[in-house]
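Keep the viewer open as you read.

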Amino acid sequence: MDTNYLENNYLTLVGKVTSEKKFSHEIYGERFYSFDLSTPRLSGNADIIPVTVSERLINDDMMTIGSKLLVKGQFRSYNSYENEKNRLILTVFAKDIEKLEEPSEENDGEEANELAKKDTITNEVVLIGYICKKPIYRQTPFGREIADILLAVNRAYNKSDYIPSIAWGRNARFCQNLEVGTEVKIVGRIQSRNYEKKYEDGTVVKKVAYEVSVGSLEVVKENEETTAQETM
């Protein structure tokens with residue numbers, strides 16, 4: 001059965017450019033660039049999310065610091081080998097990108113409504129994949145329930161993206177009983193988290209982790225009729 005890769009991994013981000021674009025890589029003569037996008041949280045803070053985009057989707061006007069963009073695409077991972085160590089790198093892979101104009105007094109009602117509509121979802125990702133490590137359930141000293149999940153999401157050409165996710169409250173409690181190999185659907189938001197890593201020599205390095213903060217989670221159940229037909 002073919003998998004629709006847009007249905008099992010898609011996202012929408014609205015945010016502002018916070019860094020200059022940098023060359024990332026080139027495939028078959030097509031150059032790709034990376035930049036950071038700041039997306040607001042309800043708390044007033046912001047997540048700084050890395051985006052990878054083809055040169056064919058952008059122009060210089062889009063890439064100026066402070067430009068407001070609507071990005072649609074996928075949340076992907078790849079392995080980076082540095083100093084003989086393997087590191088999981090996460091990035092938003094843009095499939096469509098659009099510059100948004102800020103509302104002004106000159107906008108008529110219809111234009112203002114259209115701009116507001118595009119701002120409704122500022123950070124949402126939908127993933128359908130498989131639990132590939134036993135979820136780690138824990139409670140904070142203040143009693144908050146958390147579960148760490150690693151999700152394998154299929155991609156074309158027999159590749160997979162490995163997406164770290166974090167669930168809260170009753171979702172976290174539910175996750176602790178999920179077995180490796182269980183197919184689940186997650187709806188959430190991409191978040192960035194700053195932390196400090198201490199090395200054996202005593203040095204401390206500031207790092208940023210990216211993960212999906214789970215808003216809803218459900219187990220994907222196979223279609224019983226399809227299963228029955230396949231076993232006949």
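Start with strand S1 (residues 9-17), which pairs with strand S7 (residues 123-131) in the antiparallel sense over five bridges. Strands here are DSSP runs of E at least two residues long, numbered from the N terminus, and two of them pair if DSSP finds at least two bridges between them. Within this pairing, Tyr10 stands opposite Val126 in S7. Before going further: this is a predicted model, where local features need pLDDT of at least 70 and side-chain atom pairs count only at pLDDT 80 or more, while totals for chains, interfaces and linings use all residues. Residues are numbered from 1 along each chain as its sequence is written, and side-chain values use heavy atoms, leaving out hydrogens and water.

Stay on S7, as it has other partners. It runs antiparallel to strand S11 (residues 183-198), joined by six bridges, and there Ile128 has Lys185 as its bridge partner.

Now for the inside. Leaving aside neighbours within four places in sequence, Ile97 is in contact (heavy atoms within 4.5 Å) with residues including Phe35, Val53, Met62 and Val71. In soluble globular proteins, nonpolar side chains tend to be buried together.

Finally, the cysteines: Cys175 counts as buried because its relative accessibility is 0%, whereas Cys132, at 28%, counts as partly exposed. The cut-offs are under 20% relative accessible area for buried, over 50% for exposed and in between for partly exposed, using a 1.4 Å probe and protein chains only.

Technical notes
Helices (H or I, at least four residues) and strands (E, at least two) are DSSP runs, numbered from the N terminus.
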